[in-house]
Structures are given as structure tokens and as C-alpha cells.
Amino acid sequence: MAFEGLRQNISELDENVSSYVEHSIEYAKLKSFKISMVLVTYLAKVILVGTIAVLAILFLSLAASFALGNAMDNAIYGFAIIGLIYLILGIIGYRFRDKLNKPLLKMFSEYFFEEP
């Protein structure tokens, strides 16, 4: 009789462990889906807004180049000045590229380590 009770307890333990593993796998799948969807939607927003911003900057740069060129009576000077401004901004961005890592890690760690 004692062995029958022990066998029943072991059987219940096996079922409970199997259920726990199954639910843990399902939770991991849902968590990875949530994180991947946050990443995909964030990237889609960045691409959309980035594309619009790049087009706006392109047209504003062309307008500024032509305006400077007309003011200086030489279009090449206008484009050269705007090009130098972008070169300086690029160098500044390159120098401070490491400062971007901390905010990005903080933002994405909030989604990854978020408690259910």
C-alpha cells in the first residue's frame, strides 16, 4: 500500500513537472514574440519617420544651397558651404557615437526585463 501511494505521488510529480515545462516554454515563446514585435514596430516607425526626415533635410539643403549660391553669385559656394556643415555634423556625430549606446540599452532592457 505504501508503494502504491508513492507511485501515485511520483506520477503526479511527473505530470506537474511536465505541465510546468510546457507552460514555461509557452511563456518564453510569448515573451520572445512580444520583444520581437516591439522591435519590429519600433524599427518601422524609425524607418518611416527617418525617410520623411531625410527627404525634408534634402529639400531644405537644396533650398539653402541655392539661396546661399544666389547671395554669393556662385551656386558652387552655396553647395560647398552646406556640404561643409554636413561634414562637421558628421564628424561630431562620429565622435559622440558611444554616447548613444547607453540610452538604447536602457530603452530595450525595459522591454526585455519587464515583469509580467
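View 1. I76 is found in helix α2, where helices are DSSP runs of H or I with at least four residues, numbered from the N terminus. The model is predicted, so local features need pLDDT of at least 70 and side-chain atom pairs count only at pLDDT 80 or more, while totals for chains, interfaces and linings use all residues. Residues are numbered from 1 along each chain as its sequence is written, and side-chain values use heavy atoms, with hydrogens and water left out. I76 has a relative accessible area of 62% and is therefore exposed (buried is under 20%, exposed over 50%, partly exposed in between, with a 1.4 Å probe and protein chains only). N74 caps the N-terminal end of α2, with a side-chain oxygen 3.2 Å from the backbone nitrogen of I76.

**View 2. The span of helix α2.** From its first C-alpha to its last, α2 reaches 31 Å with 21 residues, close to the expected 30 Å (1.5 Å times one less than the number of residues).

View 3. The structure holds one salt bridge (a side-chain nitrogen of Lys or Arg within 4 Å of a carboxyl oxygen of Asp or Glu), in which the side chains of K29 and E26 meet at 3.9 Å, N to O. Both residues, K29 and E26, lie in helix α1, three residues apart, about one turn of the helix. An α-helix has 3.6 residues a turn, so residues three or four places apart point the same way. E26 counts as partly exposed, because its relative accessibility is 42%.

Notes: Helix = DSSP H or I, 4+ residues; strand = E, 2+ residues; numbered from the N terminus. Polar contact = N/O pair within 3.5 Å; in protein donor to acceptor, adjacent residues only side chain to side chain.
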